[in-house]
Amino acid sequence: MKDIKELTLKGLEEKLKSFGAQAYHARQIFSWIYKKAALDFGQMSDLPAGVRVKLKENFYINGLRIIKRLESSDGTRKLLLALKDANLIEAVIIPVKERVTGCVSAQVGCKWACSFCASGLSGFKRNLTCSEIIDEVLYLKKESLPRALTHLVFMGTGEPLDNYAQVLAAVKIINSPLGFNIGARRITLSTSGVIPGIQRLSGEGLQVELSVSLHAADDALRSKLMPVNKKYPLKDLIKTCKDYSARTNRQVTFEYILIKGVNSSLENARDLSRLLSGWKLAKVNLIPSNSISELKVEPPPRSDILLFKGCLVKHGVNTTLRRERGEDINAACGQLRLSYAKQ
Ligand code: SAH
């Protein structure tokens, strides 16, 4: 049994011909999979029954299994998925007004072990393949029906730029009119600050969004929170991001989760303003941290969050404040997998 998604349109046309079937069914099959999230050949009602049987005998559509599905009171849904080798990954769907955003994992576990993130707690296991990433998107697409999946972010478990080739291959399928047809500007790659990956991405000629998880604006604090900073310190990271936006003419979003007593003081806000001031293509997205008791992470009080934001705005930094979502279903990165492992 083979994964049918590994075939190109041309490849599938050839395969159909070898079954004695018409090549044009390949487009129908692509449409069933990527536009309607059909996970079973039996659903493909406009294919001749014989073709459906042949397909079933030779291929599968999705290699993942849903282990658990959680739904938050705010509509956020989280899927815990098992890979063929029994490793677990998470994918989330977040409907907000007219948008439906899917969030996918790029790796099993994560090697960077940020101090506030549940994903790194059990270390790094392996990269996901392009096909596995597309499987996640397929489940999310199915989950969002009848609404369209409008946005996709690589903000689940793992570091997408450490799994560059597979992630980029997946981005191309997510973006392709024959695939999920999600516009490049609606696809976000989020990185903890892996400089070589950002440099490589700047040369791809893609219009995807780049998010950099910053979370601290001085090296001592950032290295404490994010070990990646020891390898790629702030000065180099900011220079790389400036080069990226100069080369691509794209904005860079800096994610900054606010953690009580750690990085959310006015002094921290001033450091952040200083780091980014005068750079027009930089944007800060403030996110109150999701509580993770194992890591003693909790958000600061609302008043501190607003003071922090006010300081950035006063210094002319383009700032948004994101509402935390799915808090009641452990939607923060790696949390579901963690709670599952504890059971
Ligand atoms: N490795 C990539 C992508 C995965 S993390 C990166 O670091 O960007 C996706 C986002 O979730 C990051 O911004 C990360 O910092 C954030 N995150 C991790 N733990 C969190 C928590 N406890 N609360 C809120 N956001 C968290």
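**Figure 1. S192 in the loop between strand 10 and helix 6.** In this predicted model, S192 sits in the loop that links strand 10 (187-191) to helix 6 (195-202). S192 is buried, its relative accessible area being 7%, which is under the 20% limit for that class. Leaving aside residues up to four places away in sequence, S192 touches W112, E159, S213, R222, M226 and V228.

**Figure 2. W112 in the loop between strand 7 and strand 8.** The loop that holds W112 runs between strand 7 (107-109) and strand 8 (124-127). W112 has a relative accessible area of 10% and is buried. With residues up to four places away in sequence not counted, the contacts of W112 are E159, D162, S192, V194, P227, V228 and K231. E159 and V228 are among the residues that touch S192, and both also touch W112. From W112 to R323 the separation is 211 residues in sequence and 25 Å in space, taken C-alpha to C-alpha.

Figure 3. The strands follow the order 3-4-5-6-9-10-11-12-13-14 in an open sheet with mixed pairing. Strand 3 (65-71) and strand 14 (318-321) are the edge strands; each has a single partner strand, so one side of each lacks a neighbour in the sheet. On average, and with direction ignored, neighbouring strands of this sheet are turned by 20° against each other. Strands of a sheet pair through backbone hydrogen bonds, in either a parallel or an antiparallel manner. Strand 11 (residues 209-213) and strand 12 (residues 252-258) run parallel and are joined by 4 bridges. Within this pair, V212 has F254 of strand 12 as its bridge partner.

Figure 4. Strand 4 is mostly covered, with 6 of its 6 residues buried. R77, L79 and L81 point one way from the strand, while K78, L80 and A82 point the other way; all are buried. Strand 3 and strand 4 form a hairpin with 5 residues between them, and G75 in its turn has a positive phi of about 95°. Strand 4 is also joined to strand 5 by 6 bridges, and these two strands run antiparallel. Here R77 has I93 of strand 5 as its bridge partner. Strand 4 and strand 5 likewise make a hairpin with 5 residues between them, where A86 in the turn has a positive phi of about 75°.

**Figure 5. Helix 4 against helix 5.** Two packed helices are described by the angle between their axes and the distance between the axes. For helix 4 (residues 130-144) and helix 5 (residues 164-175), the packing angle is about 45° and the axes are 8 Å apart. Helix 4 is therefore oblique to helix 5. Their crossing is right-handed. Helix 4 contributes C130, I133, I134 and V137 to the contact, and helix 5 contributes Q166, V167, A169, A170, I173 and I174. By class, these are 9 nonpolar residues and 1 polar residue, with no charged residues.

**Figure 6. Helix 10 against helix 11.** Helix 10 (residues 266-276) and helix 11 (residues 302-314) have axes that come within 9 Å and cross at roughly 30°. The two helices are therefore roughly parallel to each other, as the angle is under the 35 degrees set for that class. The crossing of helix 10 and helix 11 is right-handed. On helix 10 the contact is made by L266, N268, A269, R270, L272 and S273, and on helix 11 by L307, F308, C311 and L312. This contact has 7 nonpolar, 2 polar and 1 charged residues.

**Figure 7. Helix 11 across the strands.** Helix 11 lies across strand 12, strand 13 (282-288) and strand 14. Its direction runs at about 160° to strand 14. Strand 14 is one of the two edge strands of the sheet.

Conventions:
Residues are numbered from 1 along each chain as its sequence is written. This is a predicted model: local features need pLDDT of at least 70, side-chain atom pairs count only at pLDDT 80 or more; totals for chains, interfaces and linings use all residues. Side-chain values use heavy atoms; hydrogens and water are left out. Axes are lines fitted to C-alpha atoms, for helices over the stretch in contact, and angles run from 0 to 180 degrees between N-to-C directions. Angles under 35 degrees count as roughly parallel, over 145 as roughly antiparallel, 65 to 115 as roughly perpendicular and the rest as oblique. A crossing is left-handed if the near helix is turned anticlockwise from the far one by less than a right angle, and right-handed if clockwise. Contact means heavy atoms within 4.5 Å. Ala, Val, Leu, Ile, Met, Phe, Trp, Tyr, Cys and Pro count as nonpolar, Asp, Glu, Lys and Arg as charged, and the others, Gly among them, as polar. Two strands pair if DSSP finds at least two bridges between them. Buried means under 20% relative accessible area, exposed over 50%, partly exposed in between (1.4 Å probe, protein chains only).
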